[in-house]
Amino acid sequence: MQSITESLNKQQAQAVTAEPKSALILAGAGSGKTRVLTSRIAYLLQQNMAHPSEILAVTFTNKAAKEMLARLQNMIPINPRAMWVGTFHGLCNRLLRLHHQEAGLPATFAILDMSDQLGVIKRVMKANGIDTEEFKPREVQNFINRCKEEGKRASEVYSKFSKDKAYIQIYAMYEAVLQREGACDFAELLLRAYELLSRNEMIRHHYQERFRFILVDEFQDTNVLQYEWLKLLAGLGEKNPPNAVFAVGDDDQSIYAFRGANVGNMMSFVQEFRIREPIRLEQNYRSQGNILDAANALISNNSERMGKNLWTDAGKGEKIRANRSDNDFDEARFVCSTIQEYIDKGVSPKDIAILYRSNAQSRLFETELTRRGIPFMVYGGLRFFDRAEIKNAMAYMRLAENPSDDSAFLRVVNVPARGIGAKSIENLVDFATTNGISLFESMQYIRGAAAAKFAAFKEIIDTLRVAKDEMPLPAFVDFTVEKSGLKNMYEMDPNGSERIENLQELTSAAQGFIKEEAIDTENSDGTAVENLSALAGFVSHASLEAGENQAQVGQDAVQLMTVHASKGLEFDIVFITGLEEDMFPHFRSKNDKKALQEERRLMYVAITRARKELYLTLAEERMLQGRTFSSYPSSFLTEIPGETLKWLSRNPFESRYEVEDEDSWGSRSGSSKNYSSPYRNSSYGGSTKPSSHRFASNVPEWAKGIIETKKEKLQTQKIRAKQNSNSPYKAGININHEKFGPGVILDTQGAGDDMVLIVKFKIGGIKNLLARIAGKKITIL
């Protein structure tokens, strides 16, 4: 017994040696939850409280399951084969294999991955004459999986919307095909296992009696059906008390709502399993004190938390460094030059990570790291120019540049789908090979049903070939994405938003290429010039950037990844980049309290990846879709205590002021700039009032002013006195705009014809107005 708990802290030991009943372990980031979970199993076995066959442990990855078993075997001499340890899908598969007859499945039932499932859906739709243009197969797939994750069969789903009714019919046909063929998709494994237990009392009671101890890792990431399955297995409502469920999780790290994860399961667990008080693991063994203070302060702004406060005895450590660059190119240069300095000092590249909110942000860092010869690895994803949507768009541009590029032709001739089958393509290839001509040229000789489909594709390429000589390169990239049908294809895909962002970033890549290579793209009259060389150069640039520069697996390399991909990882030095409104927090969280809280949890996860040093970076201007937009600092920066921060650039919150009182118009704390964002058409300013939490010491005066109205008025008077008396526009002055209505000037930037007014309107939020234009529509009150 001594050997299991001697190295645990008080709270860890409390969790490991808890009574044999249900418990919730709130395990903060870096608090040793895996160790606690494994030690709990070892404790149960060593104390003869359980036999291995009475233990079922659920993890979220197969890798985690293997690691748990390996650790367990190192702790105590047992044969773990009698235990059930695995993922939800793995355990449900095991259950269904043992009881396939009762579950209505053949013994050798097949498991369909996502690609296989999509193929079956397409086959079902084609066989029943359903238009795949009107009803997108991938949308149908998402609908079916969402229904299954909610525990609903086609017969149990109701909707008043005609499109959903069609989806329900396809769902029913799909179910019939899977039943006939004896197959299960991933969602079906869990749903059928749930149905097996709920409908067969004998089997349910057998496993309830067997698995007296159920342990669940990453409980905050369970979805509705997974939790219902666990309740069945535990005997909740049948036994008093039910089996002991040892749930380990962290509500502050619940970041997978888009996958169906329901953070509310933790509170439901407390209520339904009558947990008196969760055991909190708050001592952190990963990060320095300043990093933890920042994380604690940030996450305290979320409501409905179960509550915990991370701490460490490792000392405060270095302050968090924050830097605002002039633009996103400079941000990449700052990050990569800083990384170079660390490497020169002997820091291993693999101990450094660059985190970003969305994959599209990786491109500039990839380019700059490549330029500097720093090895890097894009974790859990592909490099920018290796991504399918980018390769598809580039293939269209390659054909516009060179119609004889057969590789590009074969990649996109049926992307998006045009009904050109494999046999038609095979015939085309044979004809081209026989006659020694390109596939593009061969299309004109095709006869029969495929001729019209090839002609439609040829028309697209011909249009692009003309357009490339008439448009600047960035505009041509946009035109290609639109004309090819790629944009529409990904917009219709419920999971295509990230691909759309990447295609928008491709336009920025083209603009950046023009800038970096100093290629002149327009004459004085606005007409395109040298576009042939610009397109040819960009196509070559993309080919050279793709694949070759990425480090190989196992190589010592800087790690690039999204914040979502970083969960569970840790690094000595972490850069959290793109900390601007609409980037992080993401623009989709606007006016959605739950979404904003998930974004804040995501930021919490990002911060707690750092062991020793943390950098927060942002840009004053960012190129999006080939155009430069002003960016406003992320509201999350206002929630980090000033004493933990060291600004390497000018603090962007200095000399910013807010409107006069809390009851006037209100806005989300720290998120007040309504810049011209390509992500949305609506104004950013909202009517949601800020929470009444204690502001961090480095909060800008305009944010403090919401609460500290007297201090704000004094600061406003001071700033008025310093402003140029020749300009009628001063911070604090009330105005009326003939379109936007009443507002107050928060700040001005520039002078003369370049002066920009930052105005907060009562209806419509904050807008940037060019004074020389807006002046004709403004009345000073």
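This is a tour of selected contacts in a predicted model, stop by stop.

**Stop 1: two crossing helices**

Select residues 137-149, helix α7, and residues 162-181, helix α8. Their axes come within 10 Å and cross at roughly 75°. The two helices are therefore roughly perpendicular to each other, as crossing angles from 65 to 115 degrees are classed that way.

Now show the side chains where they meet. On α7, pick Glu139, Val140, Phe143, Ile144, Cys147 and Lys148. Their partners on α8 are Lys163, Asp164, Tyr167, Ile168, Ile170, Tyr171, Tyr174 and Leu178. This contact is made up of 10 nonpolar residues and four charged ones, with no polar residues.

**Stop 2**

Glutamate 139, at 13%, counts as buried.

Lys148 also leads on to a network of salt bridges. To see the whole network, select Lys148, Arg153, Glu175, Asp185, Glu188, Arg192, Glu195 and Arg199.

**Stop 3: two further salt bridges**

The structure as a whole has 51 salt bridges. Go next to lysine 308 and aspartate 252, whose closest N and O atoms are 2.8 Å apart. Lysine 308 sits in the loop between α13 (289-299) and β9 (320-327), and aspartate 252 in the loop between β7 (244-249) and α12 (264-272). The two are 56 residues apart, and both are buried.

Then select aspartate 572 and arginine 611, another salt bridge, with 2.7 Å between the closest N and O atoms. This one joins strand β13 (residues 571-576), which holds aspartate 572, to strand β14 (residues 610-624), which holds arginine 611; the pair is 39 residues apart. Aspartate 572 is buried at 15% relative accessibility, while arginine 611 is partly exposed at 22%.

**Stop 4: aromatic pairs**

The model contains 20 aromatic pairs. For one of them, select tryptophan 84 and tyrosine 207: the ring centres are 5.7 Å apart, the planes are at 50°, and the pair is tilted. Tryptophan 84 is in strand β3 (residues 84-86) and tyrosine 207 in helix α10 (residues 201-210), so the pair ties together parts 123 residues apart in sequence. Tryptophan 84 is buried at 3% relative accessible area, and tyrosine 207 is buried at 3%.

Next, select phenylalanine 219 and phenylalanine 269. Their ring centres are 5.2 Å apart and their planes at 55°, so this pair is tilted. Phenylalanine 219 lies in the loop between β6 (213-216) and α11 (224-234), and phenylalanine 269 in helix α12, 50 residues away. Phenylalanine 219 is buried at 1%; phenylalanine 269 is buried at 0%.

**Stop 5: a methionine in a loop**

Finish at methionine 755, in the loop between β18 (741-749) and β19 (756-761). Is methionine 755 buried or exposed? At 11% relative accessibility, methionine 755 counts as buried, the cut-off being under 20%.

Leaving aside residues up to four places away in sequence, methionine 755 touches Ser727, Tyr729, Thr748, Gln749, Gly750, Leu769, Leu770 and Ala771. Serine 727 is 28 residues from methionine 755 along the chain, with 9.9 Å between their C-alpha atoms.

Terms used. Residues numbered from 1 in each chain as written. Predicted model: local features only at pLDDT ≥ 70, side-chain atom pairs only at ≥ 80, totals over all residues. Heavy atoms only, no water. Axes fitted to C-alpha atoms, helices over the stretch in contact; angles between N-to-C directions. Helix = DSSP H or I, 4+ residues; strand = E, 2+ residues; numbered from the N terminus. Parallel < 35°, antiparallel > 145°, perpendicular 65-115°, else oblique. Contact = heavy atoms within 4.5 Å. Nonpolar A, V, L, I, M, F, W, Y, C, P; charged D, E, K, R; others polar. Buried < 20%, exposed > 50% of the residue type's maximum accessible area, 1.4 Å probe, protein only. Salt bridge = Lys/Arg side-chain N within 4 Å of Asp/Glu carboxyl O. Phe/Tyr/Trp six-rings, centres within 6.5 Å; stacked < 30°, edge-to-face > 60°.
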